[in-house]
Each structure stands twice: as structure tokens, then as C-alpha cells.
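The following exercises concern a single protein chain. Each task is followed by a worked solution.

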Amino acid sequence: MLAEDTAASTTEDNVPEGSLAVEAQGQVFEPAYFEQFAPRTALDMVSRIPGFKIDDGNQGQRGLGEANQNVIVNGERFSSKSDSIRDQLRRIPAGDVLRIEVLDGNALDIAGLSGQVANVVYKSSGTSGQFRWRTGFRPYNTEAQLYGGEASITGSSGALSYTVSIANENNRFGADGPTLITDRNGALIEDQFSKFSGKFDNPKLSTNFTYDFGGETVANLNLSYGEDFFRAVEPETGASPTGLVRTRQDMREEDGPQYEIGGDIEFPLAGGKLKLIGLERFERDNFTAQLVDSFSDGSPTTGFRFQQTNETGERIGRFEYRWNMWEADWQVSGEAAFNRLNRASRLFELDGSGNFLELAFPAGTGGVTEDRYEGIVSVSKQLTPKLSLQLSGGAEYSKIEQTGSAANSRSFQRPKGSVSLNWKPADDLDIALEVRRRVGQLSFGDFLASVNLNNDNQNGGNNELQPDQSWNVELEVNKGLGAWGSAKLQLRQAWFEDFVDFFPLASGGEARGNIGNAKRFHVELNTTLKGEPIGFNGARLEIKAVKRWMDVTDPFTGETRPFSFDLNDLLEIDFRHDIPGSDFAWGSGLFTANNAPYSRRFEQGRDWEGPAFMNVFIEHKDVFGLTVQALVGNVLGARNKFERTVYTGDRPNAPIAFQEARSRRIGPIFRFSVSGNF
């Protein structure tokens, strides 16, 4: 069954009566539409909506703020920062999904939404479970990946609905190959060979409880606890033209706990609805890096060890009051957020006796806190049956305090707000335009000094760092292509103030700091093309293409350049064929991305993998009731690459000290996954 313009109303308990799509001029995708894909979860279903890409909103933004995901569930946003919307959708059984509505975000009574938004409407049909197990291996430099995946139970008992999930993000990675170090004239300084091998595990327990008190009063409680385990080793051998051989042992590891406690309650009040939200989040990272060089000529062994413990936390209290007045949806919201970082750093140097002696490193220890308060008023109105408007305006006040060797305290007041219009001139065309004033999110670690032993770099601390601000204009055009599929075009222009990048310190070092104005123009195309019009039934081609133009003045050279590490362009193509009349599917994917180089005081360089990754897969959707997929990745032989030019002094006038060029083999990647229900 193809998506329709409206859906029949439903009266099941705990599910919003009627269809939001009727009011918001949206499309409805019934479960039958997704049958050919044999979906296990709501995530499998949303991922198959033509031309639609999931945008995780809360990840990395300041506090909770207004809604900025493009997926909601049962008409409500998800107020967690540790679990993404993908995590939540993955825990909803496909059999519980009643429909998925693709709506005009402006027409909803949730402030902050614009453009196309998917509303997943579901009702728990009793206790059920789902699982996915991901395993795999690489023939070079890595351990087998054995314990990846997730198992969850979803159910309800009377007014209580619940989800319990245990998951592990289980990654194994590595590469090996040569690195050439040459002087400014191209003469060889050292021929290196390194072998990188790493692993990461993040076991995590997550729960969600929803209780319907009746009378439109609903409460949610979200709890999660996890641990991070990371380890990487990178032995290296370097040979100079004189015959000297250098052997390096390089090790990095990190571990620590993380948890989140969050909840909300919504209830009617004075003709509207009041929602109260609270969240507490904490993470501790214990990091150690050690690098030791020994030499074939008997020269003294040299080395360093760097240890750092970071404790980060966020505490948020928020209220949202919504009501209808003058045929419009209004909301007033307020938020208080308290962020903190406590860092302790220690730096050691290997002495001639083989012992690590501690060096003074006071700039690497200290704390940073930010107390932030925000108030926003917003209004959403359907101006005509085809045109909707949303306005929001307000301000935030924040106070940043730093302790340690560079103690400081500052406060800021900043305006915030947006204007968005959505126009639907035809059933298969909608156009959204948004203008928004944003305040960026700081990385508190940039306030304090840190060390990168492998690249022999040190970041100084900066107690004057402040968040960037930006004006953003975004145009989104969604066009249905009939039986061929659909396409989405996004154009985004951003003008930044107080842009953050590396900048020179008066002491002669460098740190992350505010370097002035910058701008970025982003073009993105997402399209789904179906094979039915040409007789290739069951075939789908998904294309995502991104191009960015960036402009910032390099504080070291005065030249215009792109943003350090930012994306220049990207192309992702995924083909899938669900063979009609069978349980088999097969397909392939291609991914390539080009990142901008980074610029520092004494060097510039680029770290990337490519030129392109390609995979092929085969899937069976009913192996004793399970979905089984086998995949071979990196069939084109993409490599791990790094290039940099290091100068003897300040760029660009200082002579080149050396140039480094690395190209390491990744090799093929084999993946196997099993998913099912219980």
C-alpha cells in the first residue's frame, strides 16, 4: 500500500486520536507499505521512507532547548541526550507501529520543529522483545568483533508502558602501512612502518517508563548507565638513510562510567498543557597515553606519558507551557542548565634510568562551569490551508567560571529566536524556509591545556573562550516524484561571529579560541528512486550528496580558508533490491567524503580515509524467523591517510621543518548480523 495523504482515525488507548497528518497536510505510511522490507523495528520503517533522512537533534546542542529532531513519537519529542532518536526507534517493535506520518513541522504544537517531520504512532500490544547481533572481522590488524548488538523488551501493564534495553557498541579497527618523512626539498629523513590496532566497547543498560495517570497527564522516566572501554596500540619502526633504526611503542587507553537520569511530566493547566522536564547526566573518562622510542645505536631511550581524568556533568531543568489562542498554538518555555568539567592532568618524561619523572603541567588541571538560563516565547499558526508560520524569540544569560592556574569568570547575554514558513503548493511539493539565531556549544576541554604525544602537539588553555553565535538561513524543498520516489533539497547559509578554531597565544603556543567572523554555505540532496517504473520491482536507489563552501580568515597567515576538519563534500549511494516473491534482498553501497585540512601555528595537515568505501550485501528475511545479513565492506580498498607539513616557526614565513605522508592498508571488512523478535 502506497503512502496516502490522510489516514483513518484510531481510538486505541494511549494513542493520539485521529491523525496529525490530516491537520498538518502530511502523508501517512501504513505498515503494509514496509512489508517488502520485513522490518523488525520502527527504525527499519522510518529508514525506508522515500527521501527522508533521520536527524538526531539533541546530540551536542546546548541543553535541551526547543525540539530540533525530525522524528517524534506519538506526537511528542524525546527528552534524552544519552539515547538518540535512533536508539529509541530501534526499541519499538515494527508490529506495534500503527502508522508513520510525515508532517509539516510548523503545523505541530511543538516549538522548534520545521520542515518535514516523521511522527511514529505506535501502541504496545503486550510484552515483546527484539534483538540484533552484529559480528565481524578484518583479516589485518584487528581482533574479531564478537559482542556487538542490542536486546530490548517492550511492553505495558495497565497504565504503565516500559522498555528495557541492554546494548554494546563493539568496534574493532586497525591499519598498517608506510609513512615517509621528508625535508623541504623532498629528501628522505625517515622511512616508517606502523601497525595500528584498536578496540572500543560501550556496554549500556537503558530503561524508559511511561505512566498514564488519566486526564491527559502522562509522565516519563529515562534511566541509563554505561561504561566505555577503549584501547589502541600503534607500534612503529623508522629507518633513516644513515642506517639508524628507531622503534616506537605507542599506547592509548581510556575507560570510565556514564549515566543519565531524566524525566518529564505533562498535565493540563489553565486551558493549556504544562510540561516539566529534568535531566542529570555525568561521565568520567580516565585517559592514558604512553610513547617510548628506542634506538639501534644504543642512544638513550626517550619517552613520555600523559594521564588525564575528565569528569563532565550536565543538570537541566525545563518547563514548557502550551496553549491555543487566536487560532494559533503558543508556547512559553524556560530552561536552567548547569554544565561542569573537572580535569586533572599529569605529564611525565622518561629519564635515563627508565623511570617516568613528572613534569610541571599546571595549565592542564582545573575546572570549568557554565550556569545558563533561557526564556523563549513561540507561536505557530496555519495562515492558510497551504501556508504555516512559526515565530520564536527570547534570550539566554550564561555565566562561565574557570578554576585552576588561569581562573576567570565572565557572563554573557545573547538573543535567540527564529522565523519559519512552510508552504505546500501541491500535494507532492512542500517548501520550508527558516531564519534562526543560534548560540554554539563549547567544548569545556578547550579551556584547559592538553597534549597529543603521537603528533608532538600541545594545546594551551584559553580562559577567554566564548561560544560562537550565528545567523542561519535554511531552505528545504521536498518533492514527490510519483512512482519514481521523492527528493529533498536543503540549502543552508550560516554567518558566524566569534568562530572557534586554533589561534596563537602571546606566550608562543596555540589554543582553541575565537578568531572572528566566518561563513558557510551548505547544499544537500537526498533522493529515493524506485525501480518499479522501469520494471525493476523491489529495487531502490538512495542518494545523498553534500557540498560546502566555507570562508574563515586564518589567524596565523591572514589567508582565507575552509573550517579546520569540516566537511567539504560527501557522496553516499545505497542500492537495495528486495526480490519480489522471495525473502531475499541484496545490494551495495558507496561512500566517499572529503574533509578540509586543519591549520595550526606550526603546521597544517589533513587526516582522512579513502578515496571511497564500497560494500556489497545479501540478506535473507526469514531464516527460522530471523533476518540474517552478510556484508563485505571496503571492496575498493580504501586506505587510512594522513599528511602534514610542519614548520620550524610560525606559518607561513618560517622554513619547512619536515613533511609527513602516510598511507596505511585497512583491508576488507566482513560483517554478519542476525536480528529477530522474541
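**Exercise 1: Burial and overall dimensions**

Of the 678 residues of the protein chain, 50% count as buried (under 20% relative accessible area with a 1.4 Å probe, protein chains only). The model is predicted: local features need pLDDT of at least 70, side-chain atom pairs count only at pLDDT 80 or more, and totals for chains, interfaces and linings use all residues. Residues are numbered from 1 along each chain as its sequence is written, and side-chain values use heavy atoms, without hydrogens and water.

Task: Determine whether the radius of gyration agrees or disagrees with that of a compact globule.

Solution. The radius is taken over C-alpha atoms, and the globule rule is 2.2 Å times the number of residues to the power 0.38. For 678 residues the rule gives a value near 26 Å; the protein chain has 27 Å, which agrees. Along the principal axes, the C-alpha trace spans about 80 × 60 × 45 Å.

**Exercise 2: Strand pairing**

Task: Trace the pairing of strand E26 (residues 518–530) with strand E23 and with strand E27.

Solution. The protein chain has three helices and 37 strands, defined as DSSP runs (helices H or I, at least four residues; strands E, at least two) numbered from the N terminus. Two strands pair if DSSP finds at least two bridges between them.

Step 1. E23 (residues 485–497) runs antiparallel to E26, joined by twelve bridges. Here Leu491 has Val523 as its bridge partner.

Step 2. E26 also pairs with E27 (residues 539–553) in the antiparallel sense, over 13 bridges. On this side, Val523 is partnered by Lys547.
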